[in-house]
Amino acid sequence: MDTAETVERIEAELAPPTDLELAEADYERFVEKNLPRNFAGHFMHGMLGMTGFRIFNAPTFLPAYLHLITRAMPGSDFLVSLGVALQQLGSVVSPVVGAAQVEHRKKVLPVSMLMGTLMRVQVAAIALCAWLLHGPILVFAIMGFLLLLGVFQGAQGVAFQMLLAKVIPTRLRGRLQALRNIAGGQVSAGVAWLAGTYLIGKNPLVGGQFALFHNGYATTFALSAVLTTLGLSLLAMLMREPEPPTVRPRARTWDRMREFPALLVADRGYMFFMIAQTCATAGRIAVPFYVLFARHIMPLTGANIGLESLFLLEGDSLSNLVWGFIGDRFGFRASFIGSMALWIVATAVLLMAGSPMLILIAFAGLGAAQAGFQMSSQTMVLEFGARQDMPMRLGLSQTAQGLMNTIGPIVGGVIAWLAGYRPVFFLSMGFEAIALVLLLTVVDEPRYRRRAA
């Protein structure tokens, strides 16, 4: 029996490669040949394209602006959380639709560019609304554009993660994300501090000395749109996308959604990873209230918001080197575990802070923890299962996150409105603790599977 198996193995090794094997080899050669160019494109997109969205989506500027324009309305805290929730509501279904639109295509870049452009249009529209509108109509318009931003953000997220997975080998993904997030974080931190100090200023109702039309928030959002557009343009110029040898046949979105339960049941580790990721996402219930909670020590002036944003984004930026090294060296499960532990500690520091310095330390820790969570969860999901199932795994992952990010802020807003911010923070820490326990006990490292195979 051993002899027969040996003969079969030798014959298999001596057999000429199949057409599929030759196509796979060509695919890998294309990836390696264009790796420097594609690495540079993703780096520039991360440094500039993601910089604008870091500023716009930071838990400082947008919540503070929503609080400013709703302060005369009943339930202002709830309205702040509602704005954040509407942005996430838009990304609940769109990732699955986006996955269904790209999984059968050999070229993903055109879809990525379209969705990315539409995202940037919404940010620019919010800036225009902040300049031109006032009163309740301004609030309604901002809420509507946040919803549309989430719709395009969900679809774009799947397409861009697919692009990264196609052109950046596993061995370099942590390094790329660390470098681009460090560079982008430094730019974001500097721009955020300048925006808070010179665009928003001491009196947000008047704006800083360089605010256009006396509206610092609108100028900040417009600057975000410009930066993100520059990053997207550079990616389009540098990117060289390979065509994979095989893709899934085109299928209806609903038919693919019906396969989700089987996708989860087929892989126990992936299923528990999804549960852990969902719990960690639920921990973001407190994010809109970080800057509002801190105002009892650091009032909501432009300078304070800029300083808090600086520490948050510096924590995000500088920690990426650590998260990327841990992910490349040990697997991204390890960095996921570290980010959850840090998130719990940073939230506890914010709760107990009695001085501006402790508030800023907490913001730095929160920025670092959220950076680790984003890098770890987004990269781990790429390493489970087969390549042709990657779009739907991404779609399922982002849909679950979008759903939880929609429900969480609304529930948090109600709790904050009725009982204050502290119960929201304790609930957030509880969700993060559940995710940490799951990662430590039942989620395996998918990279070890590949090495064993």
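Biologist: Is Phe 213 buried or exposed?

Modeller: This is a predicted model, in which local features need pLDDT of at least 70, side-chain atom pairs count only at pLDDT 80 or more, and totals for chains, interfaces and linings use all residues. Residues are numbered from 1 along each chain as its sequence is written, and side-chain values use heavy atoms, with hydrogens and water left out. Buried means under 20% relative accessible area, exposed over 50% and partly exposed in between (1.4 Å probe, protein chains only). At 70% relative accessibility, Phe 213 therefore counts as exposed.

Biologist: What is the phi of His 214?

Modeller: Most residues other than glycine have a negative phi. His 214 is found in the loop between α9 and α10, where helices are DSSP runs (H or I, at least four residues) numbered from the N terminus. Phi of His 214 has a positive value, near 60°.

Biologist: Is Ser 339 buried or exposed?

Modeller: Ser 339 lies in helix α16, residues 332-352. Leaving aside neighbours within four places in sequence, Ser 339 is in contact (heavy atoms within 4.5 Å) with Trp 323, Ala 369, Gly 372 and Phe 373. Its relative accessible area is 0%, so Ser 339 is buried.

Biologist: How many of the 15 residues of α13 are buried?

Modeller: Helix α13 covers residues 268-282 and reaches 21 Å from its first C-alpha to its last, close to the 21 Å expected; the expected span is 1.5 Å times one less than the number of residues. The buried residues of α13 include Tyr 270, Phe 272, Phe 273 and Met 274. The helix is mostly covered, and its buried residues number twelve.

Biologist: Is α13 roughly parallel or roughly antiparallel to α19?

Modeller: The two helices pack at an angle of about 160°, with their axes 7 Å apart. Axes are lines fitted to C-alpha atoms, for helices over the stretch in contact, and angles run from 0 to 180 degrees between N-to-C directions. Angles under 35 degrees count as roughly parallel, over 145 as roughly antiparallel, 65 to 115 as roughly perpendicular and the rest as oblique. That makes α13, relative to α19, roughly antiparallel.

Biologist: Is the crossing of α3 and α9 left-handed or right-handed?

Modeller: Helix α3 (residues 35-57) and helix α9 (residues 170-200) pack at an angle of about 35°, with their axes 8 Å apart. A crossing is left-handed if the near helix is turned anticlockwise from the far one by less than a right angle, and right-handed if clockwise. The crossing of α3 with α9 is right-handed.
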